[in-house]
Amino acid sequence: MKRIIVKISIVLLLVLTMAGRKDTEVSAKIKTKKITIDLRGGNTAASEPEMVRKAKKVKVKSSKKSVVTVKFKKKRKQIYFKAEKKGTVVVYVSCKMKNGKTKKMKYKVKVIKTKAPTDLERSKKAFAIQNQYRKAKGIKELQWSDEIYEFCRYRLKTSGYDKHVNLGRDMNDYFGGFNVYKDLLFSENMTTGGTAKDAMESWKKSQRHYRNLLAERHVCGAIACYKGMWIAIFYDKDKSDFVNWKSFQMKKITVKRYDSASNRYIAGSGFAYYEAPNKNDTLKVDKIPSSEGKVVYLEIGKSYVFYERIVPDGYEKAKTVRITVEENGSNEIVLSN
């Protein structure tokens, strides 16, 4: 009797073991695929797995319809997912095959909503593409300048897509005396487009714009976008020129040429000036166009040397003038013989 019971127990154990293996095999056959849908980039997605294409009949079901609804498009043999709000659901798919067998699979669908990129992020993306263009041609990449970026934004907000007409005016209005003092020189590209890629492709397709963005003389700059408009500004010196530019204390000075023999101010004198003692790096030249003089901008607290380099016909050369600019000091420099 004991032997019979033992044999029955062994048989039952084998049956249960085989059944467990069968369940495991069935479970293993159910594949799970992952899908992520971004509500900001469009709230639908589609999938057409091979199992679905070969199935005679397909049933789909979402575990949470308030997050994702799902439909099977019979003609296209595709499963369509539509996201309603953020969350995670499981979509079950049951396929009845032509041989009468049923196959199953499921999707784990995650619905997210990413933040729209800021104008600054879009601008820096375009700047990175621009540097990729330069790098591909063996040209040194440009430095990004926050200060030039702010001016780019000012340009677009003030003048819009003006095809470079108001660049000089906007430089004067924005930088003021600093523009004249540093003798700033910018070049720029302008276009319209929805994305950073659109803007860069537009400039790449234009021979003139492409040549400008690849120019080896450019050292730094920035790109900005505003309401579908794009601008790239290039500067041929180091970006450190603009560090703390707003805190520069500038003073407007009028340079005049006086002739003591005739006791009057005259025009036509060509002069040069530099920041003492750094003549080689700071030397500038200019000309006095009328008896009212020529306006220059100098930095308060620094010393300068002015001298006449072109003497008007019939006059004696003026003497060199050395000054230290003071906030409450004179607003005139007179070159006189």
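Guide: Start at G87, whose bridge partner in β7 is V111. This is a predicted model, in which local features need pLDDT of at least 70 and side-chain atom pairs count only at pLDDT 80 or more, while totals for chains, interfaces and linings use all residues. Residues are numbered from 1 along each chain as its sequence is written, and side-chain values use heavy atoms, with hydrogens and water left out.

Strand β6 (residues 87-97) and strand β7 (residues 102-112) are paired antiparallel over 10 bridges, and another of the residues facing β7 is V90, which has K108 as its bridge partner. Two strands count as paired if DSSP finds at least two bridges between them; the strands themselves (E, at least two residues) and the helices (H or I, at least four) are DSSP runs numbered from the N terminus. β6 and β7 make a hairpin with four residues between them, and in its turn G100 has a positive phi of about 90 degrees.

β7 also pairs with β1, here in the parallel sense and through eight bridges, with T32 standing opposite K106 of β7. These strands belong to an open sheet of four, in the order β1-β7-β6-β3, with mixed pairing. Its edges are β1 (31-38) and β3 (55-62), each of which pairs on one side only. On average, neighbouring strands of this sheet are turned by 25 degrees against each other, direction ignored.

Elsewhere, strand β5 (residues 78-83) has antiparallel pairings with strand β2 (residues 44-47), through four bridges, and with strand β4 (residues 68-73), through six. Within β5, Y80 is the bridge partner of A46, and K82 stands opposite T69. β4 and β5 likewise form a hairpin with four residues between them, where K77 in the turn has a positive phi of about 55 degrees.

A nonpolar core is a set of buried Ala, Val, Leu, Ile, Met, Phe, Trp, Tyr and Cys residues joined through side-chain atoms within 4.5 Å, buried meaning under 20% relative accessible area, against over 50% for exposed and in between for partly exposed (1.4 Å probe, protein chains only). The largest such core has 41 residues, and I148, F175, F186 and F242 have the most contacts inside it. Elements supplying at least two residues each include α4 (146-159), α5 (167-175) and β9 (186-192), while β11 gives the largest share, seven residues. A second, separate core of 23 residues includes I37, V67, I79 and A83.

Finally, helix α3 (residues 119-136) packs against helix α7 (residues 196-205) at an angle of about 35 degrees, their axes 8 Å apart; axes are lines fitted to C-alpha atoms, for helices over the stretch in contact, and angles run from 0 to 180 degrees between N-to-C directions. Contact, meaning heavy atoms within 4.5 Å, is made by residues including R122 and I129 of α3 and M200 and E201 of α7. The contact residues divide into five nonpolar, one polar and five charged, where Ala, Val, Leu, Ile, Met, Phe, Trp, Tyr, Cys and Pro count as nonpolar, Asp, Glu, Lys and Arg as charged, and the others, Gly among them, as polar.
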